[in-house]
Amino acid sequence: MEYVSPEGLRLDGRRPKELRQLKAELGVLASADGSAMFEMGNTKVLAAVFGPKPIENRSQEDEKRCLVKCEYAMASFSTGERRRRGKGDRRATEITKAIRNCLEQTILVELMPRSQIDVYVQVLQADGGTRCACINAAFMALAAAAVPMRDILASCAAGYLESTALLDLNYVEDSGGGPDVAVAIHPICAAAFKPVAPLLSNLQDSGGGPDVAVAIHPNYQDRVVLLQQDNRVAIETFEEVMQLAVAGCRAVGEFMRQQLLEHTQKLAAARAAGEQQAAAAQEDDDALDEDDY
Amino acid sequence: MVRTSRQGPELPPAGWLERRVHHTFRFRKRSRTVADTGEEAYLRVDIPCGCGTVCAACPPTLPALTLASIGGGSCSSAESGPRQAHLLLPDAAALRDCLEVLELPEVQNVVLLTSEVRQLADGGGMRRSARLRALFSDRRRHNVLFDNLHNRETAPAAGAAAAERRAGLALLTAAEWYHEHLGRRFPIVVVSDALAAQFGVPSAAPGSAQQAPQQQQAAGQQAAAEADDAELEALLHQMDMSSIAGSGASGGSGTVMDGTAGGWGGGGGGGGASSGAAAQDDAIAGLLDSLGIGDEPVAGAAQQAQQALQAQQAQQAQQQAQPLPVAASYAPLDLEPGVHILSTAAYWGGVWGHVPAVADVFDSVQQSKAQEAHQGGGSGSGGGGFRPHLSHAAMEAGLASGALLAGTLSVSRRVPGEAIVAVGGGRQLLISGRPALNRAIHGDRVAIRLLPQEQWRHAAELAAPAAGDGEAAVAADGAAEAADGEDEPRDAVARMLAAAAADELQPTAEVVGILQRWSGEIVACISEDDERALASKQASDRQESVLCIPTDRRLPKLRLRSRQLHRLLGQRLVLRLDGWDQGSHYPHGHLVRVLGPINSLRSETDGVLVSSGVHWQPFSEGALRELPPVASSAQYVIPPAELAARCDLRGPDYLVCSIDPPGCTDVDDALSVRWLDHTSGSSGGSGGGGSSTGRQLVEVGVHIADVSYFVRQGGLLDSEAAARCTTVYLVDRRLDMLPALLSEDLCSLRGGQDRYAVSVLWTLDADTFEVQDVWFGRTLIRSRYQLEYSQAQDILDGHPPKPGHEVAAADRPALQRNLELLAALAEHRRRLRIEAGAVELESAELRFNTDAVGQPTTVTVKQEIAMMKIVAEMMILANAAVGQRIYTAFPRAALLRRHPPPRREAFTEVAALCESLGRPLDLEGSPAALAASLAAAAAAAPPAVASLIKSLATRAMSEAEYFCTGDVTGLRGGGGLSHFGLALPFYTHFTSPIRRYADVVVHRQLLAAVAAGPGLAEAAAGLLQLAALPAPQPPLPGADVSSKAAVMNERHRTAKRAQKDCSDLYLLLLLHAQPHVEAATVYGLRRQSLLVFLPKYHLKGVIHLTDKQGVCRPPLEQGAEDDAADPFELAHRRGLAVVAEGLEGSAEGQQPSQLAIVEASSGRQLASIRPMQRMWVRLSADGSRVHGPALRMRLLADSHPEAQAAAQKEAADAAAAGASGAAQATAAGAAAAGCGALPRPGAARPAYRPPGIGAAAGARAARLELRAAAGAPGRARTEACGAAASALSEQIEALQQAVLG
């Protein structure tokens, strides 16, 4: 199988350094405090946030910080073969922990002592890069829930196939046996550089190749929040792939910032309209009253 | 928001404009399920069309089409052949079927669409993918790959079903786009049988319309076979068809379809016959016009095609009784006028009809396709399809009646499906093809039935593969499978065979049953495809089955089922065959053990041992307990009883020395010479020689380590040694027959240590070498010096000793005198043997120097030192004496070694060679005469040829074997008891008991004989007494000896094979790392190949002048290797022919007098090869994952740079040899002068040694080393990888620490 054609096109028509189409929608669920749908190409993830709220289990209460709970699940129809996936399997547990770790570093947990935030992430459609899409979706949902956070949290994966660094692998490329670096960063934070412990683990993704996952805080000079890697990579290759993944994270972060801005503007517009309406209604009422009298 | 400065690259803006999602199916081979997935396509406008200068809009690409040159539409110039002025867009089926045609250099301007290429890639076939890739990545071809799936204009609509994309609409869209894009200036040709059929253009001239669906079907079948799942293919096909029918019915797609319901393949032919024909003619004519090549001959061709077509259609119309009802419903296609749809046959036949090369290739491709389809129909029942084997009773009955024959199957290395069974009477029956082999594998003893005479093959057509059989193995060991002489064919069978011999027919047979399965262990590894599939999966405990490919090409692939396959990835495995079900393609086996990673030296050497049948395990505890309870010989105290029983030879007058190769630890022989007083008798025996005064008598002793003292008969140690039978010397290790305590210490006759020995002492006349007396017996010796060959040689020659080789000055003169006597004695005995007809044989023993990892770095051929021959002669003397002694003692139970005279037939090769030298061999006379004529021929020939003659003669010899004298009744086999090669009446093995079990047995027999009866001399003295004496009891009964002899012969053969295979392996590894050029001598010619001999490695091989396709391979003029994938070179080579001259009489076995490589077009002779010509040959080895390295020999032209370099080096060496010879002489003189002791005028002897050897060897070593340092790509790379890997882990650690701290 040829992953990059001689003219430099990937199997799905992208060039090596192009992201898939990103889509985000906020507030998709009425019942949640904050929710978001995040799509990277065919990968589609739904995230819902409940909280901050009083802690449920008193024994877990923390005087200083809020508790972040996370649950990750893949819909049984999310992949080609419909298979029931338990929540407790090794892969799910591992991704859950990775997501929670990222979120804990991003949320200003000190501001909300003795409280709890529940984050539910559901993969609706999986086509590679689910880990990164989940982190991005969770961040968007948290933002929609107006949870105070340090920075944008952006995540993206990159891999290396046929001696080309490829950004944002889809499933076919992910199964191609090359390395795969997933990164999450804080793209905007400009405060003093304080590295956060990256989660290094050697997990097996669907493919046999290396796989590096990274998350960064872009604001802290691209503070890296998560870095995961599958398979072994030569160090020069790793640098290249890592750079590409971070650049991808920044692009994703920028996209999310735009989306949040638009969402906020929409909210503001809606609120302004609502207030006007309310005012108009008041006036109407007044008018009615006047008429009455 | 404040942006900080960013490090690292920014992403370029995304270039795609639109995203579409298609619903597709993906087949999972492992779980055998079809899953539906969404496939994304990102559409863009920046995909270049690849048309170079014609298109201004697109950026230029590197492989570019060459439309510009004929932009004017004028006819192209002559010599480079016709230029093609249209774009060609083949569909997937055309790509698959006509790949060979598209690969021709004449065919240019092909646009390969991703949609079509990807369809093929799904079907698999690595090699085909590589060929496809070459089509569009080779710049000289002027073809391009166009990603129509992601071009916004040509991409299928969102939501379009896979079927629609498959149905060729994408192809048409792309064609129209190209036409539009290039400004409608160039004709676009879509070549597709399916589209041509679908749109009513009937299939081309020579093939009928019905051929198209048939072909399609065949193609479909093939694809199914490739996808390894017919059901899936059928399923997908069905999806395609139904959707096409649907879209056709709804008419939604806008194109006009054939009206018939089954429009996919069948309808077009009959339906649109007449109008279709017209349309096609128009198309071709228009195309030819637009190409500017519509001149007479071509038009003629088109005319012919048209006529043929019309005739055919008339015929068709007649066959179809009905008139053409649907003709009206056919409407011309609503396509751009410049876009033509042609079937493959119409295109290649019509447009390219005037280019013979293209037409020829296309025809042959079509033919082979048709044949394949036919054969597929014949045997296509899938599965194994084997006939059942006969029952045992039936086979026995058949064998008894003579209807069946039995023999051992030996499969050809070169032709996989062919095997030979040797039946009685020297006849070999051919078994050809898998059905005939019927699940028998190499080495099986099978029952076979002759096939009827119509199916026999002509001997002539078999000659070629048979001649080339030696290529695979390095100088394939000529151990021809001896015919099983037990089942003589009788009656009818015999008559048939006799008839066959008369008619020059090769009888063929088929296997009907397996009498006994070959039960060896098979060295194999998992096939690459399965390994890749496994590696891409997660480890699971599910039982799965994989295909394993044995290292030995003669064995079939095996199916292995296991739950732990992940552990076996990339490993060399040892398997055992379990069985072969009638219904399955492959036999199944189980895992015995894992040898280690593929290509590691250790596991490959182990593999050699396993496949040659050498078993090695550590010594058992019980056996070790039988050893003397000491750690080393220092603790061993000689018991007083032994001291009293043995003859003590430790006295000062016994100057016992051992002479061995350097670094030898298991010293099993030592020599002694004692000068006797004139009057005294011999020391050990009766005073037979005492009477002969006035003559100088001398006692010569051969002392052999007394292993039988430590290894008691019947003990555990004895049975272990008997099972091992021999020590196996491999390049990297030694597999001992005896535990190290014995073999390296207690038994080894080390210098200055008291050791037990069994000695043979001859009392001789010092001048005439007349034997006065022989004494055998157990002794106690103390070897004074442990000499090396070169050291002994120096003493003999009176040279000053090399450093580390000094001996006490007092002993030097005595040693020299003794050695001189031994040399003279050995020479005397040797002359006697040669006169009696001994044959001098020769084979090269290669020695490898290895680096720390065990990789071979250099190879040297063992140097011949005169001293070796002297020692060897003494050992032969001792062996012969002992052989005679034990035979007289135990005429019915002695273990001797014999060498039957060679079969005359084996000598044809040597005889031809010698005859060409003008020294014909005496094949009719006695063995002695044969040996003499052989020696004469060798002496007359130049050195390289002489060593070739000796080497060939060695191969022609029969194998020497151990036997029990009791087995020989009469003189069966012509050999009797005697040893042909050494020309001795009795011979045995006595002198190496540490490393051969036969010697231990002989020791016991000798000691039993000595203890019981009188010696030879005594027996000769008193014949009467002999009869009176009680017959001595042999230590082993005759039956046991003969069964042991059989085991020994077998073990020796396997050990020899293992040693040779191992040495070959190392040689090939070395050649793989360092290919180099060597001189070779041509010693035989065949029609298409030549036999060469490389004196340096004693390597014989076949060089074929044609490759497997019959394309000529001329001597290499330049470059590293000929590139089979390069169509330009291939075209050049196709134009060459090999002409064998001197074959006019074409008598059987006659060799051509000369082979010439001639350019067929011009008649120019490029090269000619005669027998005895010296050629330069490049040696290299192909690393194959499955089969290990294989030798490759490539003939180099004299003008090849490497050949020139080698020739220059040789000349330089020769020049240096002269200079260094002189220098050496002066140096030696100076050294002698420096010593002050000029022993004899013979100091000028250096000239007698081949001069310049040192210099040449040094230069060669340096060169090899340099090359190793410069090259060594594999190792260097792994080292680099290792370094990179460690750097990576370091970096990650550092990162972690920085992050945590």
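## Strand β37 of chain B

Both faces of β37(B) are covered in this predicted model, since the residues on one side, Q1154(B), A1156(B) and V1158(B), and those on the other, L1155(B), I1157(B) and E1159(B), are all buried. The strand spans residues 1154–1159 of chain B, and six of its six residues are buried.

On one hand, β37(B) is joined by six bridges to strand β36, which covers residues 1136–1141 of chain B, and the two run antiparallel. Within this pairing, A1137(B) has V1158(B) of β37(B) as its bridge partner. On the other hand, four bridges join β37(B) to strand β38, residues 1165–1169 of chain B, again in an antiparallel arrangement, and here I1157(B) stands opposite A1167(B) of β38(B). The strands β37(B) and β38(B) form a hairpin with five residues between them, and in its turn G1163(B) has a positive phi of about 80°.

## Helix α24 of chain B

Helix α24 of chain B runs over residues 716–724, and its buried residues are L717(B), D718(B), E720(B), A721(B), A722(B) and R724(B). The elements of chain B that cover these buried residues include α21 (621–625), α23 (707–710) and α25 (740–746), together with α32 (997–1012) and α35 (1038–1073). After the helix comes C725(B), a residue with a positive phi, near 75°.

## The loop residue E845 of chain B

E845(B) lies in the loop that connects α27 (812–836) with β29 (846–850) in chain B. Its relative accessibility is 40%, and E845(B) therefore counts as partly exposed. When residues up to four places away in sequence are not counted, E845(B) touches T860(B), V861(B) and K862(B). For T860(B), which is 15 residues from E845(B) along the chain, the C-alpha atoms of the two residues are separated by 8.5 Å.

## Cysteines and disulfides

A disulfide is a covalent bond between the sulfur atoms of two cysteines, and the criterion applied here asks for a pair of cysteine sulfur atoms within 2.5 Å. By this rule the count over all chains is zero disulfides.

C134(A) illustrates the reasoning: the closest cysteine sulfur to its own belongs to C70(A) and is 8.5 Å away, which is too far for a bond. C134(A) counts as buried because its relative accessibility is 0%. In chain B, C747(B) has a relative accessibility of 2% and so counts as buried.

Notes: Residues numbered from 1 in each chain as written. Chains lettered and ligands numbered in written order. Predicted model: local features only at pLDDT ≥ 70, side-chain atom pairs only at ≥ 80, totals over all residues. Heavy atoms only, no water. Buried < 20%, exposed > 50% of the residue type's maximum accessible area, 1.4 Å probe, protein only. Contact = heavy atoms within 4.5 Å. Pairing = 2+ DSSP bridges.
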